[in-house]
Every structure is written in structure tokens, then in C-alpha cells.
Amino acid sequence: MISRTEIQDAARRIALHVRRTPVIALEEEAFGINAKIFFKLESLQHAGSFKPRGAFNCILSSTVPAAGVIAASGGNHGAAVAYAAQKLSHHAEIFVPVITPPNKLNRLRQYGATINVTGNNYSEALAASRERAVQTGAIPIHAYDDPCVLAGQGTLAMEFEEQLRGLDSVLIAVGGGGLIGGAAAWYQDRVRVIGVEPERAPTLHNALSAGKVVEVETGGVAADSLGARRAGELMFPIAQKFITQSLLVSDDQIINAQKLLWQNLRLVAEPGGATALAALISGVYKPHAGERVGVVLCGSNAELSSFPA
């Protein structure tokens, strides 16, 4: 179980390398929700998502060999590892599945990573990256099932609480569970932590229902960022203890949240970045009157050619 002390240590370790992203309060009429809504704009983090927090914490906690670091990713984790490695003068090799959008591949090239496109999904890319790590000796950085990653992602919740006290609940999108696991380890029982997943990628939802980590089929508009087929083994005990519930939203609800973020606030979110908000806008999550709800907008690496007008 990741401790709050480990998260505090991670925050000190990565402080010079990540942005302290802003929090904004929504006007009550913005989305017609009878609650006090606050956005944590982690979509403005380096590399376009929350992921550099964990990537920097892993690299700075390690002795990195000449072969550098290696990771598998649907796009955002790979970009974060490549960005962190570039800033810290290490080589990065990233394995991505064929579903990775062109804009995320361009991010990897921008950060100087060696790119391997292989496999139909994240799990297959991960298997290939593990074989390669054995061959080269590079340090593997898992997207979510690593204690340094969990502690690094938990710094987002620590920062959010420093910026805004008194939240009743916080909604967080879930893929493999690194972000929500780290956040739940920080908040524990003091704030209701609620996961939101696409209906077509119900990884944590199904695991909580089964009482154990299970494999699921994944797909849909957010599969590149939330398409992990298994929840992390390290985060799952945290989820069982501290996550209030995991809700499911449809692709249409996610796309609508993307669209409304842009139309109302001129905020760009990729589908995974808009998933937590989709639960509020759609009514899948119904806050009580006056509830103080935090929503983490966790990624902005949208494919603009298909962005909702």
C-alpha cells in the first residue's frame, strides 16, 4: 500500500520538473449541475497529461544505465517517459500498439524516443517491451503497476488538496488505475474518490465487482489512454479500501463532454481526459445539492482532426 509519506517524498523529488497545474471553479450555470464544481487542469501538464509525475519519480528514483528507460503505452505514458528521459538526458524506447493516434506518435518523435509500433492493444505492446528490456538492460517503467508511478501520480491529489480544501468528492478517469490509485492513497477516507470508466473499458469496475483483478476486452473512443485490460495489482487493494465506486459512461457521453468543454470553456481534452466529466454531465453521477465536486481533467492530447466542433 502506497503511503502518504511516499507521495510527499515523490512531490519533493519531482517538484522542479513538473507543473503545478491550476484549479478553476465553474460558474453554477456552466453545465447546469446543482453542485459546486472544480476542475483540476492537469491537461496543462508537460506532455499533455498527468503522466510525467510518475515518470519523473521513477527515473529520479533509479540509477539509469546507458540503455536508458523503456515503456509500453497507448501514447500518454510513453510521451511522459520520453519527455522525462529527454529532460534528464537519458535514452527512451517506447512500445505502442497500432491504435495509437498519429498525434501521440508525433509527441514521441518530438521528445526523441525510439518508437516501436507493435500489437493490437496495450497488453501486447507491454509484452514486447518486456522482451526488449531483457535484451537491452534498459529500466522498464510500467504505466501504472509500479510503486514509484503510483506515488508520483498521487502528487496530483496532494497538490489539488493544497490548492482547494473541503472537497466532498473527486471524479477521476480510470485506465489501469495509476492515477486513481495514487489519489486514493493520498485522500484515503477524507474525500470520496470516484472512478469513471468507458463502458467499453470497464477494467476497475469489473475487478471491484469480482473482488479481484480480472481481464476485460477494451475498445471505444478512449481506448488509447484508458484501454488497459487489467487493473494494476498494486493499486487494487487501495481501490478496494478507498475508492467509493467506479461508474461507467458511454462513448457518446464522453464525446459530448469533450464538446462541451470546448464550447463552454475553450478547453481541449482528449476522450480519456473528458471521461470523468462525462459522468457529471450525463447524470451518471448525481451530486447532492451544494456538493463540492472535484473533476480531474487528465489529458489534452486530442486528435484535432476529429475533435468535436
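Author: Start with axes: lines fitted to C-alpha atoms, for helices over the stretch in contact, with angles running from 0 to 180 degrees between N-to-C directions. Helices (H or I, at least four residues) and strands (E, at least two) are DSSP runs, numbered from the N terminus. This is a predicted model: local features need pLDDT of at least 70, side-chain atom pairs count only at pLDDT 80 or more, and totals for chains, interfaces and linings use all residues. Residues are numbered from 1 along each chain as its sequence is written, and side-chain values use heavy atoms, leaving out hydrogens and water.

Reader: How do the axes of helix 1 and helix 2 cross?

Author: Two packed helices are described by the angle between their axes and the distance between the axes. Here, the axes of helix 1 and helix 2 (residues 52–60) come within 9 Å and cross at roughly 85 degrees. Helix 1 and helix 2 are therefore roughly perpendicular (65 to 115 degrees).

Reader: Which residues have the most contacts inside the largest nonpolar core?

Author: In soluble globular proteins, nonpolar side chains tend to be buried together. A nonpolar core is a set of buried (under 20% relative accessible area, 1.4 Å probe, protein chains only) Ala, Val, Leu, Ile, Met, Phe, Trp, Tyr and Cys residues joined through side-chain atoms within 4.5 Å. The largest has 41 residues, with Tyr187 and Met235 having the most contacts inside it. Helix 7 gives the largest share of this core, 7 residues.

Conventions:
Buried < 20%, exposed > 50% of the residue type's maximum accessible area, 1.4 Å probe, protein only. Parallel < 35°, antiparallel > 145°, perpendicular 65-115°, else oblique.
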